[in-house]
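Here's a quick briefing for anyone meeting this structure for the first time. Take a look at the model, then read on for its pockets, its strands and its salt bridges.

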Amino acid sequence: KLNHPVRQWISERKIPSQYHYLLYFAPKFYQWVNTIIENKFPSLEKDHPRLVIPFFEKNKMFALQGRAFGDENPKYITIKLQDKDKIFGLERVDWKKTVYVCEGPLDSLFVENCIATAQSDLRIPHNDAVLIPDNEPRNREVVKQIRKYIEEDYAVVLWPEYVKEKDINEMVMSGRTDTEIKTIINEHVYSGIQAKTQFVFWKKVELKNEKNLSR
């Protein structure tokens with residue numbers, strides 16, 4: 001239904017209509033998960049609705065993520081149904097092209113040939129990958145992760161100073177178009193020495209042992 005609160009939530013976040021079929025709704029998330037994994041949530045006391053983001057490969061769901069609509073913690077609950085890396089978008093990615101990698105499944109829907117790791121570590125075993133971390137130059141953990149990517153010679157997006165939003169979905173909600181975001185990404189991909197230099201200007205926190213990066 002067009003007036004359903006979840007449909008309105010998806011519209012407010014400007015999720016592209018061609019990807020709406022990838023998103024589901026569980027009015028009682030714990031209860032629904034228990035139909036897939038018996039007794040995954042022994043207590044249904046604080047059950048609540050969540051957006052369900054399934055992870056598919058070859059039309060088979062191997063993991064799922066439940067995103068809270070309100071203040072429920074944690075905001076994201078990710079559950080693996082098989083013992084494999086939880087990567088969102090495997091059924092759509094073209095490995096013969098440059099593969100873009102971000103953290104949030106919803107963010108990945110705004111970038112062509114993009115997958116999401118559903119965790120802060122964006123590293124994947126692919127020669128032509130561009131890692132798109134969240135834009136949090138003051139977040140110590142994010143900064144440490146990016147330093148690791150650069151040390152391991154990944155191509156990384158370091159968002160320019162004029163971009164204030166934390167992630168791609170926030171950028172879209174603030175009025176930036178998919179084309180504009182793609183241009184910003186492509187103009188701010190760095191690797192090697194260039195990435196090391198740009199990283200120094202991008203980050204807003206100091207880290208220990210930073211001399212390792214400047215070698």
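The lining of the largest pocket draws at least two residues from each of strand E3 (60-68), strand E4 (76-80), helix H3 (105-108) and helix H5 (168-173). Helices (H or I, at least four residues) and strands (E, at least two) are DSSP runs, numbered from the N terminus. Keep in mind that this is a predicted model, where local features need pLDDT of at least 70, side-chain atom pairs count only at pLDDT 80 or more, and totals for chains, interfaces and linings use all residues. Residues are numbered from 1 along each chain as its sequence is written, and side-chain values use heavy atoms, with hydrogens and water left out.

**The largest pocket**

- A pocket here is an open set of points on a 1 Å grid over the protein atoms alone, where a 1.4 Å probe fits, with protein on both sides within 12 Å along at least five of seven lines; lining residues have an atom within 4 Å of a point.
- The largest pocket holds about 320 Å³ of space, where a volume is the space filled by probe spheres set on the points, joined across faces, edges and corners.
- It has 18 lining residues, and Tyr-76, Gly-104, Asp-107, Lys-166 and Asp-167 lie nearest its centre.
- H3 gives the most to this lining, with three residues.
- By type, the lining of the largest pocket has four nonpolar, five polar and nine charged residues (nonpolar: Ala, Val, Leu, Ile, Met, Phe, Trp, Tyr, Cys and Pro; charged: Asp, Glu, Lys and Arg; polar: the others, Gly among them).

**The second largest pocket**

- About 230 Å³ of space lies in the second largest pocket.
- Its lining counts 15 residues, with Pro-137, Trp-159, Pro-160, Glu-161 and Lys-204 closest to the centre.
- Helix H7 (residues 192-202) gives the most to that lining, with three residues.
- The lining of the second largest pocket splits into eight nonpolar, three polar and four charged residues.

**Strand E3 and its partners**

- E3 is mostly covered, as seven of its nine residues are buried (buried means under 20% relative accessible area, exposed over 50%, partly exposed in between, with a 1.4 Å probe and protein chains only).
- Strand E2 (residues 50-57) runs antiparallel to E3, joined by eight bridges; two strands pair if DSSP finds at least two bridges between them.
- Across that pairing, Glu-57 stands opposite Lys-60 in E3.
- E2 and E3 make a hairpin with two residues between them, and Lys-58 in the turn has a positive phi of about 55°.
- E3 also pairs with E4, antiparallel over five bridges, and here Gln-65 stands opposite Thr-78 in E4.

**Salt bridges**

- The whole structure has twelve salt bridges (a side-chain nitrogen of Lys or Arg within 4 Å of a carboxyl oxygen of Asp or Glu).
- Arg-123 and Glu-152 meet in one of them, at 2.7 Å from N to O.
- Arg-123 sits in the loop between strand E6 (114-116) and strand E7 (129-131), and Glu-152 in the loop between helix H4 (140-151) and strand E8 (155-157), so this pair ties together parts that are 29 residues apart in sequence.
- Asp-121, Arg-123 and Glu-152 are linked in a salt-bridge network.
- Lys-204 bridges to Glu-161, with the closest N and O atoms 3.2 Å apart.
- Lys-204 is partly exposed at 33% relative accessibility, whereas Glu-161 is exposed at 54%.
- Arg-176 forms a salt bridge with Glu-165, their closest N and O atoms being 3.6 Å apart.
- Arg-176 is buried at 14% relative accessible area, and Glu-165 is buried at 16%.
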